[in-house]
Structures are given as structure tokens and as C-alpha cells.
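Trainee: I have not looked at this one before. Please walk me through it.

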Amino acid sequence: MAAVTRGLPAVREPLDSGARRGGEKHLVAPGDTITTDTGYMRGHGTYVEDDKLIASVAGVVERVNKLVCVRALKARYNGEIGDIVVGRITEVQQKRWKVETNSRLDSVLLLSSINLPGGELRRKSAEDELAMRDYLQEGDLISAEVQSIFSDGAVSLHTRSLKYGKLGQGVLVQVSPSLVKRQKTHFHDLPCGASVILGNNGFIWIYPTPEQKDDEAGGYTSNLEPVPLSDREVISRLRNCIVALVTHKMMLFDTSILYCYEASLPHQIKDILKPEVTEEIVLEARQRLLDLEG
Amino acid sequence: MASVVLSEAEKLYIVHGVQEDLRVDGRGCEDYRCAEVETDVVSNTSGSARVKLGETDILVGIKAEMGTPKLEKPDEGYLEFFVDCSSNSPELEGRGGEELGTDIANTLYRVFSCENSVDLKSLCINAKEHCWVLYVDVLLLECGGNIFDAISIAVKAALFNTRIPKVRVLEDEEGTKEIELSDDPYDCIRLNVDEVPCIITLSKIGYRHVVDATLQEEACSLASLLISVTSKGAITSMKKVGKGSLDPESIFEMMEFMIQSTREASRNKMAAVLGQYQSSAQFPLTSTWDRTESRQVTSHRPSEDFG
């Protein structure tokens, strides 16, 4: 039994945000004046008072020609068509499921928008409606794509592809949606031995890489065999690395996660969450990313 | 208790991981998360502490007030516990949080029911007439699993931080008693917290037990055992929570493990805590400075076993 390690109290300084590439980001807090020029149109996150354009949320100012808006740094997920999301089923209703995706309203997954097991395509009948719980139950995790957005802002999902569907064994990490970088693909098979789905809504799913890719069966049969220890170590390490990146507000994409993983290899998995070790790995990952950009 | 909903596959992953002694965040079954203990955070209390154990965030404030001793114990002061969970989540506001709050308060009463945990006789001013009553208010800021452990650490730290002013009772010629408070703000009595017990929660997941379960792991465990142990290994109370059943042999096993680990680690931990606090007591202004300017944080990182 090892002794308890104790740390001395230390002043924690915020990590230097590093060199900014491209121009300076104009960060504002609620109440800050963005501009006094009256020629601009106000967009989301701003309001006009006394001929001044003032920010109503804390975030980054974005300007498109004459439109000025403030994009909040910490906000709920705003769905956009084509986004990949990972969600959890909260309710089973008559012809649809309600999915929790960290947005303002629960997302909707219509019965007509799912793929049946086996990939068969047919019109859903009344029997399918009664058997909805056999497909997806409360608490299940799914990966889906945003099909459309209702007028009130609620997002409608679909899983009409073999790569989407119910998720099996793995680990879910919830982060802020603004930290997930928009990329061409959000399904990554990392070379370290695990796969990761970076949902645009901030839900990140880490799972062991499945051996056969083709026989997906529509993603409904979960593999309930125990995951081997080596895969578990990779998944736990990835999970801790993602948490480390999030605490230092770094963007999450496959390269940043991989660099952080490689920087964390000399340390034990459970040590990654110690503040000093977190700082060290994130600094190293950030340095490599800056070198990559040249 | 605020809990997360998990899919069956996620629960299976967690249970298998525990069997192999590798939890989701890389810890072993007997590892605690990093704990941060900060004292003297609330200025208008007699003593306060804030504990962050992973995601769990607890704030404890202690106010010392004069009151009359209880009839059955006329020469002792006493402690009163209040727990507030309303700031945690919408489902715990109002009625929902009350149930959890009374549950935690009753557990704390049982833990501190042992006579030697706090020296209550030192809280007495005049037998049968005046005594100090310590009102311990626990605020559950964020529930990230394992709240009982965090609350017991916070209460112990807050009790250590408590400064009770010294009073003298003067008697007039007519017999009316006047209570005189000393003018010096640093002239106060401190409590000895060596015997204050700490709660350890062992959650049974599958066939093994884990300490310091996260919210996800608590959703997978059917039964947990809460034991409050002092640094010398004496058990003051025991409680079982959860719908599942525990085998008598596994209960003995869990108790043995807890007592063994507590004896070793608690001595180290309390030495660490007391050492740090004693150094800050030499400079009475340090705690105020640190609170406002640089957030002095005592970080205790139990590596293997935790008291």
C-alpha cells in the first residue's frame, strides 16, 4: 500500500494560449461594445443600445460583410443539416424516438428515418410501431445524421446508412459543442487501436475498433463479449486525453487527440488527470500541432 | 440521487472493466480521484471548507452559536447538520432534493453519534445553561458520484478550520449572567479533529467492489456499503444503500479492506492536512489573502489507498 501523495498548494496560472495564427480573435463579454459604427446589421448575440452595438453573450465576434454577430463559446448544440451527432434515447413515443443531444430541445428520430436490422428497406407498418422498443430503448446511444430542422429549432435525425445506428460497448465523453472541429469525416479509426466518433453536439464516443467492417447488420446487434484488456487501456487513455484537452479548451479533432495520446504514453493512465501532467501533455500536443502548421 | 441513464452495452463495459481492475478513467478498483481541499472559503462563518473530488463539489460552512445544552447531556455542546442539494440539478430542487438532503443529514448524525469523534465537552460554557452549538451546513454544488466521502472530508476540514471565540460568563450581584466575548479576534478555541471519522463508500459492481465510484459506475452498482472509520481504525457507523443484496462474507471482506487501508493512509493524510493547516495558522492572514488573490489550494492526491 503506497502512501498518499499530497501536493503543496500552488497558484495555478492559466496556460498561455500560444501564438495566434491569422488575425486576433475579437473576444467580447456580455455588455461589451462591439462597434459604434451604425452601418452594421446586428446578428445573433448582439443588441443595439444608444447607437452602439453591444454583445449579449460571451464569445467571438464574427463579421460577414455588414452583418456582425457573436458566436457564444459555451452554448448548447445548434443543429445544422449534415452534422453527425451522438445521442441518447430519452423517450419512445408513437412513431418516433426523442433523443437527447445537448441542444435546447430534444431531437427527434422518426420511425421512418431509421434503417431496419439487416438493412432492409420497406415501409414501416403498424407492427413496426409496436416493436419500436425492440429496436431502440430508453438509454441507448445512437449515432445519426441531422436530416432537417423544425421551425422551433428541434433537430430531426436519421440513421439511414449502415455506418449509423445503435452503439455498442464503449465510453462516452461529454464536452462543449464548440470544441469539436468541423471536418470532412467524424468517424476516425485511430492508429493506436481504438475508434472514435466526434459528434458535432459534443458527445464523443470511444469504442474498440470492430474487426469486420462489412457485416454491420444495420448496427443493431451489439457485441456483448468482454473487450480485451489492451483495448481497454487504449480507450481509457484516449478518454483521459480528451478530458485533458477539454480542460485546456483545445479544439478536438483526430490529429490533436492522437498527438495528445502519444504525449501521454510515458505516464500511467490514471496520472493523466493530475493537473501537472495534464499541462505537460497538452503543451506538447499544442507544440506539435503548431509545428505541423509550419 | 441524481443519476445518469446508461445503455446496456455501456453498463456491461463498465462491469467487465471493474472485473479486470481497469476502470473507465484508468484507475484501479482501490484508487481515489484527485481531491482538492480548500478551507476558509466563506468569510462570515466560523469555519468552512470546499472539497472537489473529481466532478463532485461540496461546500461546508460551520456557524457556532450559543444555545442551551440538551437535557440528557447537560455538560456538552452538540452539532446540527443541514444538507442542501437544490443547486445540483432541476430534479433535486424543492421536494426531490429534500429526501436526499435528509438522508445525508441522518447519515452524518449517525457518523458523529460516537462519543469520541468531537470533544463536545469543550463546547460547554456553563453546565445546563450555555453551550456552543455548531450548525454544520452542507451545500452540494455538483454531484459527480461518491458524495458521502466528499462530504465527510469537507466536514472534517471545516471542523478543523472552525474558530470558536472564547467566552467568559460573569455573574452580577443580582444573579444575572453576562457573557463576555474576548476582544481579540484570534483568541479562540480550535477543535481537535483527530478522531473525526471519514466515510468510505464501497460500491459493489459485478463481483468486485470499487471505491470512489463515478455517477456512471454508481448506475451499474446494485449495492454499496458506507462505513465511517476513524484514523485509528475504529468503525463508528455502517450503512448499506442500494436495491441489491450483499453477501455476509463480502461485507466482512469490505470492512477488513477499509480498516486496513484507513489505518495506513489516514495517518498520512491527516499528517498532511494538519501540517499544511498548522503552517497557515502561524500566519493568520494567509488564508484571507489566498482566498481573494490566488486561490490557495491544498491538493491531496491519494495514489493507492485513501483514509
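Mentor: Start with residues 196-259 of chain B, whose end C-alpha atoms lie 15 Å apart. That span is 28% helix and 41% strand. Helices (H or I, at least four residues) and strands (E, at least two) are DSSP runs, numbered from the N terminus.

Trainee: What does the UniProt annotation say about residues 196-259 of chain B?

Mentor: An unreviewed UniProt entry annotates "domain: Exoribonuclease phosphorolytic" over residues 32-165 and 196-259 of chain B. UniProt positions are given in the numbering used here, feature names are shortened, and annotations may be inferred rather than shown by experiment.

Trainee: Anything to know before I go on.

Mentor: This is a predicted model, in which local features need pLDDT of at least 70 and side-chain atom pairs count only at pLDDT 80 or more, while totals for chains, interfaces and linings use all residues. Residues are numbered from 1 along each chain as its sequence is written, chains are lettered from A and ligands numbered from 1 in the order in which they are written, and side-chain values use heavy atoms, with hydrogens and water left out.

Trainee: Now chain A. How many residues does helix α3 have?

Mentor: Helix α3(A), residues 229-247, has 19 residues. From first C-alpha to last, α3(A) reaches 27 Å, close to the 27 Å expected at 1.5 Å a residue. The expected span is 1.5 Å times one less than the number of residues. Just after α3(A), A:Lys249 takes a positive phi of about 55 degrees.

Trainee: Which residues of α3(A) are buried?

Mentor: Among them are A:Arg232, A:Ile235, A:Leu238, A:Ile242 and A:Leu245. Buried means under 20% relative accessible area, exposed over 50%, partly exposed in between (1.4 Å probe, protein chains only).

Trainee: And what covers the buried residues of α3(A)?

Mentor: The cover includes β15, β17, β18, α4 and α5 of chain A, together with α1 (8-19) of chain B. Contact here means heavy atoms within 4.5 Å.

Trainee: Is A:Arg88 buried or exposed?

Mentor: Buried, with a relative accessible area of 9%. B:Glu10 is buried too, at 6%.

Trainee: What about a salt bridge inside one chain?

Mentor: In chain B, the side chains of B:Asp212 and B:Arg27 meet at 3.3 Å, N to O. B:Asp212 lies in the loop between β12 (208-211) and α4 (215-220), and B:Arg27 in the loop between α1 and β1 (35-39), so the pair ties together parts of chain B that are 185 residues apart in sequence. Both B:Asp212 and B:Arg27 are buried. Salt bridges that share partners join B:Asp25, B:Arg27, B:Arg33 and B:Asp212 into one network.

Trainee: Which pair is stacked, then?

Mentor: B:Phe82 and B:Tyr135 are stacked, at 6.4 Å centre to centre and 20 degrees between the planes. This pair links strand β4 (residues 78-84) and strand β6 (residues 130-142) of chain B, with the two residues 53 apart. B:Phe82 is partly exposed at 45% relative accessible area, and B:Tyr135 is partly exposed at 28%.

Trainee: Last one. Where is the charged end of B:Lys70?

Mentor: Over the ring of B:Tyr78, 4.5 Å from its centre. In chain A, A:Lys181 lies over the face of A:Phe253, 4.3 Å from the ring centre. The rule wants NZ of Lys or CZ of Arg within 6 Å of the ring centre and within 35 degrees of the ring normal.

How values were computed: A salt bridge is a side-chain nitrogen of Lys or Arg within 4 Å of a carboxyl oxygen of Asp or Glu. Rings of Phe, Tyr and Trp (its six-membered ring) pair if their centres lie within 6.5 Å; planes under 30 degrees apart count as stacked, over 60 as edge-to-face and the rest as tilted.
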